[in-house]
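Dear colleague,

I am handing over the structure below, together with some notes on what turned up when I went through it. Please read them with the model open beside you.

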Amino acid sequence: MTPNGRKVIIIGAGIAGLCAGVLARKCGYEVDIVEQHERPGGLATSWRRGDYTFEGCLHWLLGSNSDDPMYEQWHEVFDIDRVGFFYPEKWMTIVNERGDHLDIYSDVDQMEGELLRQSPQDELEIRRLAAAARGLRHCPLPQPGNSWIRDCATRLRLLPYFPLLRKWGRVSAGEYGTRYHSPLLRAFFGDGEMSHLSALALVFSMAWVSNRNAGYPIGGSKAVIGRIADRFVSMGGRLQLGEKVCKILVEHNAAVGIQLEDGERMLADWVISAADGHATIFDLLDGKYVDEATRHLYRTLEPFPSWIQVSLGVALDLSQYCGYITRVLDHPLTVDPGTRLRQVSFRVFHFDPHFSPPGKTALTCTLPTRNVEFWAALQAQDPARYKAEKNRIADAVIAIIERSTEPLRHAVEVVDVSTPATVIRHTGNWKGSMEGWLPTPETGFRPLASTLAGLHGFVMAGQWVMPGGGLPSGLITARQAVRHLCRHDGVRFAVQEPTALPMQTA
Ligand SMILES: Cc1cc2nc3c(=O)[nH]c(=O)nc-3n(C[C@H](O)[C@H](O)[C@H](O)COP(=O)(O)OP(=O)(O)OC[C@H]3O[C@@H](n4cnc5c(N)ncnc54)[C@H](O)[C@@H]3O)c2cc1C
């Protein structure tokens, strides 16, 4: 990489900020990443408690198959070929209180066969669903910020997929689920908040999982984030941790740097914000560069909900159970005022040897909620009740897990509960959202504007500029942001373009 004499400051060391850092270094920029937390990763994180590691994010990493173009893009930012991926045969098991269960297999053909066996009365929809998942297996992802030639090429490649994209993009997962007779299959399509998700998101997930292109990286988030952060630092990038940015400095309608909470000012030719979108636009920039379109987005689009995570360290070998279990409840679980869940999902991490000693197992359970104010107020004003509520929820979750597996309360060695207040403190995400904007039939998946009208020297990356979020959105929008810089500075985007067409295997 030849220095190009230009400097960029990146706010946030989540996946988007780190990817932008590596790519900008490749293009010769001097780069500082400033992160408020003591560790990089943002939402893509895990933590250690006693003998156990608890994953707070990754179910899968899209692009884990070396035949897929996304794999090459990951390879640009870390040595993905050194990560081991786990591909479960059974993707998920759904059980109800009567002990009826439904297995959802990763392989589409196997999934179709099993669903037909269990619910023959749903044959028509099962076949439609499987056909759609097969049909979208090779569909390319959007690559915003590409040259117009590449953009046209992608659009051409997308043409054959339009009928499927249109059909499945128009209906929400919950609404689609009502076409099924089997209550367990209905549960698969989600409940409550997550049922607003576009059915297309679910079909894409099935396609990727079936194609072995969305494997779980052994070691979880750390295996990915740690490698990208190391790559960035080894390339001469500066990663400043534990420093909160409180202002983006602007002169003559151009971002010229940032101010930290301790008053220090850092100057640069470019500022990339890979931090929360709302805080960037309305706080760090004082809302001075908000046009009506942006205001409308933040007024009307629906973010993913926040969540409570109950993590358990259990001194038992639970490897006989499916790694992802959804329990449909007869009596809803009250999470907080306004949040009652009729189904609860949990993960049994027997497939990751890094997470517990032999013979023991780490489990996590994610409970979505939108009542962020309740948890934030409780934490700030009534610590004793905050603790009591966390204990109550952990207790209820242990009972649900026991009903779905085996008695294990006696073997629970570690209990850890995080709430939306924890998410906000650690990542600053708006409303404690888990993935930015929820891709609903109304929102779609189209990337949003990454620049603000009237402000130069500034660009955004991350989940708040690409509905659906996820680690791929971090990489894709980081590429878009660095391309933007290169284009304006007349610098070559010295990053290899993926050569392969979308994978044709499996
Ligand atoms: C439970 C759960 C499961 C998930 N599962 C998956 C999955 O299986 N696969 C997948 O691909 N994705 C998954 N995701 C989504 C994925 O984690 C996120 O979409 C992605 O990590 C977002 O990355 P980001 O860089 O855009 O934002 P963030 O991760 O939020 O990073 C932003 C960073 O900016 C920092 N920051 C904010 N404000 C400031 C400031 N003022 N000064 C300095 N720093 C600041 C924050 O501390 C943070 O580190 C999951 C998320 C959750 C919560």
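Is L159 buried or exposed, or does it fall in between, as partly exposed? Please keep in mind that this is a predicted model. With a relative accessible area of 47%, L159 counts as partly exposed, because that value lies between the 20% and 50% cut-offs. L159 sits in the loop between α5 (148-158) and α6 (162-169), and together with L156 and F162 it makes a nonpolar surface patch of about 310 Å². F162, which belongs to helix α6, is likewise partly exposed, at a relative accessible area of 40%. The C-alpha atoms of F162 and C139 are 9.9 Å apart in space, although 23 residues separate the two in sequence.

Turning to the interior, in soluble globular proteins nonpolar side chains tend to be buried together. The largest nonpolar core here has 49 residues, of which V8, Y29, W74, V77, F78, I228 and I272 touch the most other members. At least two residues of this core come from each of β1 (7-11), α1 (15-26), β2 (30-34), α2 (69-77), α10 (221-234), β14 (270-273) and α16 (471-489). If neighbours within four places in sequence are left aside, I228 is in contact with I15, L18, C19, V22, V77 and F78. Another core, of 40 residues, lies apart from this one, and L102, I104, M111 and W208 are among its members.

As for charged pairs, a search of the whole structure finds 27 salt bridges. One of them joins R134 to E112, with the closest N and O atoms 2.7 Å apart; this pair links distant parts of the chain, since R134 lies in helix α4 (residues 123-135) and E112 in helix α3 (residues 108-118), 22 residues apart. R134 is partly exposed at 27% relative accessibility, whereas E112 is buried at 11%. Within helix α3, E114 and R117 are three residues apart and therefore separated by about one helical turn, and they form a salt bridge whose closest N and O atoms are 3.0 Å apart. Here E114 is buried, with a relative accessible area of 12%, while R117 is exposed, at 59%.

Lastly, Q259 in strand β12 (residues 254-260) counts as buried, at 18% relative accessibility. Its side chain makes a polar contact of 3.3 Å with that of R265.

With best wishes

Conventions:
Residues numbered from 1 in each chain as written. Predicted model: local features only at pLDDT ≥ 70, side-chain atom pairs only at ≥ 80, totals over all residues. Heavy atoms only, no water. Helix = DSSP H or I, 4+ residues; strand = E, 2+ residues; numbered from the N terminus. Buried < 20%, exposed > 50% of the residue type's maximum accessible area, 1.4 Å probe, protein only. Polar contact = N/O pair within 3.5 Å; in protein donor to acceptor, adjacent residues only side chain to side chain. Patch = residues over 30% accessible without salt bridge, like charges linked within 9 Å, V, L, I, M, F, W, Y side chains within 5 Å. Areas by Shrake-Rupley, 256 points an atom, 1.4 Å probe, with all protein chains shown as cover. Salt bridge = Lys/Arg side-chain N within 4 Å of Asp/Glu carboxyl O. Core = buried A, V, L, I, M, F, W, Y, C linked by side-chain atoms within 4.5 Å. Contact = heavy atoms within 4.5 Å.
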